[in-house]
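Here is my note for your first look at this protein. Keep the model open as you read, and find each residue as it comes up.

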Amino acid sequence: MSQDSALEVLRLAAAEPARAEELGSALERRAAEEHDWAAVGITRRARGIAALHLGRLDDAVLHFRGAITAASRADDQTLVGEARGSLASALVQRGQPAQAFTEIDAALSVLTGLAAARARVQRAAILQELGEVDRALDDLRVALPVLRHAQDVQWENRALSNRSLLLMTRRQFSAAEADLLRARALCAEHGLVSPAAYVEQNLGCLHTDRGDVPRALSHFDAAAELYAATGTQEGSLLVDRAKVLLSVRLVTEAQAAAEAAVRVFADQKRRVHLPEAQLLVSTAALLAGDYLTAAAAAKSAAAAFGRLGRPEWRTLARYAEVQAQVGAVAGDGGDVRREAGRTSVRLAHVRSVADDLERAGWTVPAMEARILAGLLALGRGQPAAARQDFAIAARARRWGPAEVRVRAWLGEALLREAEGSRRGARSALRAGYRIVEEYRESLGATELRAHVSAHRGAIARAGLRMALQDADPAAVHEWGERGRASADVLRPVRPPADPALSQSLGDLRTTMAEIEEARGEREPTGALVARQMALERQIREHTLRSDGDHADGDATRPRRSTVPRFRQLAAELGSTALVEYVDLDGRLHAVTLVDGRARLHPLGDDSYVRHCLDHLPFAFHRLASPTTRASQLSAAEQVWRRAADTLHQVLLAPLAGVLGDRALVVVPTGWLQSVPWAAIPFCTGRPVSVAPSATLWSGSRHRRPASERRLVVAGPGLAGAVTEAQAVAALYPGAQLLLPAEASAAVTAAGFSGARLVHVAAHGRLRSDNPLFSALMLGDGPFTVYDLEQLTDTPYEVVLAACSTALSKVTVGQEILGLASALLMRQTASLVAPVVPVPDAETTPVMTSYHRHRRQGLGPAAALAATQQEFAGGTVRERISAAAFICMGSGDGATGLDAQPSGLT
């Protein structure tokens, strides 16, 4: 009877580990008292499996060793073999692969039939951990028919789930998905909760490899819920989540997930996984500018890789530590040469790391390390040594993967600059940037792998630094725009609609993963690198063929950008003035283009403006809230006015003599995206169009509406939303009106696609933790950026009357994520929305006024300016409600399109 009870605990161990541990503890004591050593062995093994699922790795090893001892006392070789197989799984997770192989081979020497099939599944998992894919697949191929014949659901599920991961490495996605769907069905049919979590996690990995971020995150969320239901902490899930977040540049969130993974692996003593999670923390922290965390994590990873006998990865971690140490002094995008004397990093150490990286096959980091050594040498007055470093880096500029050549051209540019040839340096920078443009699609598939440096955009910054030194406004415009290039193209979060491109990008991702795996195993990578180069060329040629007319059917994939020259912009601007802001090394600069003449304006230190922008949203929130007391209103208004005056004095007063009373097109640097321009006295009553880049603004002017349909939507739970929607719809005869009960995501999406005008009065939500889940709240839930991506066409003109819906998150690399950017990167020509909180009750008259001005023939920017002027003398809440809105995109491109004879006043 004890053995029957022990087998029941064993059955529960994987599905309900906490309950199995509770039952197993009592049963083991009773079986020991009865000297039923077989039951003790089974129970100890069950408790070991439960401990594995609960993350207690050391406890698991102790239980499995106890199971072997008890089974030996029972003289049951099958039980001994099964316990050895389980011990092998625990040992490999603890970073002891040699001992794990000894145990699993010993187990297979005595097991037969079903027990042997289970042991083969365990050996396959060990082989999988160590990169022995073919041998692992062979074991599973033998084991699965035996498991199915025996109707061993748990072990069949485990085998299918593990095989799916192996098939993913072979890019056999359809077969992998079939295995996972079969495993998921088994879990649902038999109530297997913990195995179901692994299946969902693997489905997330599958969609990550396919390039479908939303589906990957959805499966990871489902896996997290299932793990939580069983009381399990799974570090690998956190690592998978961190990587997919990093792939869409959500760096802060990726760092948090990676740090959580480190804590879990450390607690569970999973030494084989811990250093990779630590290196991932270092990468994310480096990208986020958290240099102390980056250095500490890299140092820990290097030590752990050394203990595990993985020198190639130890070298990579050492380089990450060097980057963090230099970054702590120079900062993100800072001039390393200028700050070289303040860092204690030794040149000899950097060069040694570069040599080790090159020997290990980490070509791109090796190139970056050479460039870093050259910059440090220049800053320390050693030009001859710097030339040597730059010359080594520049050797690969005409051969190798695109990413290598980009950095090699940067090395060549710095070499030429060091030799006094600024013209040659600029030419080299442009050559490097051409590679970025030509290979944009392929770089996007690989640029945020764990080994890639934090210095993305280094070419644009180098060009901008030289342009500012030369006081050349045309060059500042050119390199400022090139630095904003990543902001012009929203990071793709789904695979392209073009099947050929999607397949090639997937093949490239897999090839990069295989290169990393081969380097980690000290195997040659020449053939894999050649395949990478061939795939990059294939992607480049494909996109060049399809860019002209998007004949491949993927209308959402943007063409490569061409920076518009001043002559073109001047013709498009007419009497409007252009103001472009750039920042470098903590200093702000502006380029103005007025009546065809360009000027460069140094604006000084940026710290005070940043400080004001930190306080401005708080002031608007206080002013917008109906519960704010009179004394608080007065204080908040003072904060608002001080901030507005500061923004005026720093950003616009130095330009006033040039700008005059003209309408403005403003291109902010990333952190100025949240400025409510109408709150600045200089902009009161003045049409202002805000664009992420001059390139995007120029392109948006040439967009045309796909139809004349109008859609007005009211969301739930927002005071005045229905009244506002009805008032706006009344101004457009024939407009479709969706009230909260009708405004589902599906119906709204159908109305959005290709509409001439869409007005939404609903709660908006910018997800700072994940801007790609920023949403409008509709009748059946959130309408997210992902939903916008599915539209065939976005609306031509959009008005979002909801708090902060024009606000975006600016990520590392100046990429802008959020609802506004998702619309402007597509077919939307203009967007009117607030960048700060607005009082709900006051938006109805403001929005009604705006649409009246639009109907009277004013363009979006002019209509918004007229509305803001109209409310400038109103109550404080009316004033801040109007001032909170900005016009993004082409503020004048739609002028006259809505003008109709009307008796409206």
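**Notes on the model**

1. Start with L414. Its relative accessibility is 6%, so L414 counts as buried, the cut-off for buried being under 20%. Keep in mind that this is a predicted model.

2. Where does L414 lie? Look in helix 22, which covers residues 402-418. Now set aside the neighbours within four places in sequence. L414 is then in contact with R337, I371, L375 and F390. L414 and G374 are 40 residues apart in sequence, yet their C-alpha atoms are 8.4 Å apart in space.

3. Now step back to the whole protein. It has 41 helices and 16 strands. There are 905 residues, and 61% of them count as buried. The accessible surface comes to about 33,900 Å². Carbon and sulfur atoms account for 51% of that surface.

4. Next, consider contacts along the chain.

5. How many salt bridges does a search of the whole structure find? The search gives 42. One of them joins the side chains of R47 and E21, at 3.0 Å from N to O. R47 lies in helix 3 (residues 37-53) and E21 lies in helix 2 (residues 17-33), so this pair ties together parts that are 26 residues apart in sequence. Are R47 and E21 buried or exposed? Both are buried. The pair also belongs to a network of salt bridges, which links E21, E28, R44 and R47.

6. Turn to D355 and R370. They form a salt bridge, with the closest N and O atoms 2.2 Å apart. D355 sits in helix 19 (residues 347-360) and R370 in helix 20 (residues 363-379), so the pair ties together parts that are 15 residues apart in sequence. D355 has a relative accessible area of 30%, so D355 is partly exposed. R370 is at 9% relative accessibility, so R370 counts as buried.

7. R710 has 13% relative accessibility, so R710 counts as buried.

8. Now look at a helix pair. Helix 8 (residues 133-149) and helix 9 (residues 153-169) pack at an angle of about 150°. Their axes are 10 Å apart. Why are they called roughly antiparallel? Angles over 145 degrees count as roughly antiparallel, so helix 8 and helix 9 are roughly antiparallel to each other. Their crossing is left-handed. On the helix 8 side, the contact is made by V133, A136, L137, L140, L144, L147 and R148. On the helix 9 side, it is made by W155, E156, A159, L160, N162, R163, L166 and T169.

9. Finish at E523. This residue lies in the loop between helix 28 (499-520) and helix 29 (526-547). E523 is at 48% relative accessibility, so E523 counts as partly exposed. E523 and G361 are 162 residues apart in sequence, but 9.5 Å apart in space, C-alpha to C-alpha.

Conventions:
Residues numbered from 1 in each chain as written. Predicted model: local features only at pLDDT ≥ 70, side-chain atom pairs only at ≥ 80, totals over all residues. Heavy atoms only, no water. Helix = DSSP H or I, 4+ residues; strand = E, 2+ residues; numbered from the N terminus. Buried < 20%, exposed > 50% of the residue type's maximum accessible area, 1.4 Å probe, protein only. Salt bridge = Lys/Arg side-chain N within 4 Å of Asp/Glu carboxyl O. Contact = heavy atoms within 4.5 Å. Areas by Shrake-Rupley, 256 points an atom, 1.4 Å probe, with all protein chains shown as cover. Axes fitted to C-alpha atoms, helices over the stretch in contact; angles between N-to-C directions. Parallel < 35°, antiparallel > 145°, perpendicular 65-115°, else oblique. Left-handed = near helix turned anticlockwise from the far one by under 90°.
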